[in-house]
Amino acid sequence: MLFRSVVTGSIAGQLEDLSSQVLHDGSQVDGGTSTDTTTLLSRHLRLAEPLTTYLLAENPDRSHLQAWLRPPSPLHTTPPLPTPPPLLLPAPVMAQLNTLCALGQSTLEHPQGHPLLLLTGPKGTGKTQTARWLAHRLDLPLTVLNLAATTEADYETLFETLAALPPGVLLVQSAQPWLGRTPILESALIEQWLTHRQGQPGLTAFAADPLHSVKLSWRQRCDAVLALPMPSSPTRKALWKQALPLDLPLHRSLSWSTLAQLPLSGGEIQPLAQTAAALARHHQSPSLTPAHVKQALNLQHPHLKWPKARLTSP
């Protein structure tokens with residue numbers, strides 16, 4: 001997403017208001033903590049597209065801004081996707097997922113303790129996408145609970161809300177507060193809820209990284225522990241082809257092999273490709289050039305260097 005170099009008038013004032021509220025609550029900044037002494041000017045921030053559209057609007061609706069400043073709900077449910085979401089993982093991992101699907105499908109007819117899954121791996125390697133894929137295969141809704149976004153007030157009704165969920169796939173993100181070495185809740189409470197939940201058809205997945213942050217007893221409690229790796233070069237090439245628009249070809253000076261050399265996860269490739277494509281559209285370029293990708297890379301991953309040329313086919 002491209003930004004105007006100057007923000008003027010009432011928009012500037014509203015942006016200042018937003019910045020002051022963000023500064024007052026460090027949790028609104030990705031990676032921020034209450035003890036972080038760095039300033040926002042020393043960080044790389046990426047605004048969501050709706051907020052960018054708001055800031056560039058001629059007559060922005062301030063009610064939208066107030067809605068965005070409210071803490072997001074840590075729990076949300078989506079229906080199963082009509083088509084399978086793309087999932088590029090090593091064959092052994094896909095085989096394990098197919099086995100879990102078979103176990104999950106068996107609980108649809110004979111509820112007898114649905115499978116538990118622990119997903120680990122660096123950010124952007126596909127933990128949430130794996131849950132979407134499982135929900136599609138089982139034709140069940142997907143509920144995502146982000147423990148990193150929960151507050152003390154949420155716990156007053158959280159377990160009642162979870163107990164009322166219909167059969168489906170549940171993904172518990174950032175599961176260390178429940179399954180870690182220093183949990184915020186007693187293990188007996190989690191075990192009681194989990195035993196009740198397993199009586200329903202579906203599947204429950206926990207996401208946590210690194211693996212050693214989860215207590216051994218919980219790792220052993222799960223039916224499968226899947227470590228999602230960083231994508232290989234061929235997989236990164238496929239991810240780039242998925243992420244870029246079909247009507248935007250690569251310039252002859254840019255190859256898929258060059259893009260695949262960038263050591264990025266799938267979750268990092270997607271926004272980078274979108275930004276590079278937006279830059280190409282902005283310059284009315286008929287193709288994606290190395291300059292577009294380099295500009296996007298410098299914005300989102302300034303620590304990465306452009307790959308050296310190799311004698312490989314596109």
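Colleague: Which helices do the buried residues of α12 pack against?
Modeller: In this predicted model, the buried residues of α12 pack against α10 (233-243) and α13 (290-300).

Colleague: Which residues of α12 are buried?
Modeller: Ile269, Pro271, Leu272, Ala273, Thr275, Ala276, Ala277, Leu279 and Ala280.

Colleague: And how many residues does α12 have?
Modeller: Helix α12 covers residues 266-282, which is 17 residues. From first C-alpha to last it reaches 24 Å, close to the 24 Å expected at 1.5 Å a residue.

Colleague: What comes just after α12?
Modeller: Gln284, with a positive phi of about 55°.

Colleague: Back to α13. At roughly what angle do the axes of α12 and α13 cross?
Modeller: Roughly 130°, and the axes come within 8 Å. The crossing is right-handed.

Colleague: Which residues meet there?
Modeller: On the α12 side, Pro271, Leu272, Thr275, Ala276, Leu279 and Ala280. They meet His292, Val293, Gln295, Ala296, Leu297, Leu299 and Gln300 in α13.

Colleague: Changing topic: α8. Which residues are buried there?
Modeller: Ile190, Trp193, Leu194 and Arg197, in a helix spanning residues 187-197. Seen down the axis of α8, the buried residues fall within an arc of 100°, so they line one face of the helix.

Colleague: What does the face turned away from the buried side carry?
Modeller: The exposed residues Ala188, Gln192 and His196.

Colleague: And what do the buried residues of α8 pack against?
Modeller: Strands β2 (116-120), β4 (168-173) and β5 (202-207), along with helices α6 (158-163), α7 (176-179) and α9 (216-221).

Definitions and conventions: Residues are numbered from 1 along each chain as its sequence is written. This is a predicted model: local features need pLDDT of at least 70, side-chain atom pairs count only at pLDDT 80 or more; totals for chains, interfaces and linings use all residues. Side-chain values use heavy atoms; hydrogens and water are left out. Helices (H or I, at least four residues) and strands (E, at least two) are DSSP runs, numbered from the N terminus. The expected span of a helix is 1.5 Å times one less than its number of residues. Buried means under 20% relative accessible area, exposed over 50%, partly exposed in between (1.4 Å probe, protein chains only). Contact means heavy atoms within 4.5 Å. The arc is that of the directions from the helix axis to the C-beta atoms. Axes are lines fitted to C-alpha atoms, for helices over the stretch in contact, and angles run from 0 to 180 degrees between N-to-C directions. A crossing is left-handed if the near helix is turned anticlockwise from the far one by less than a right angle, and right-handed if clockwise.
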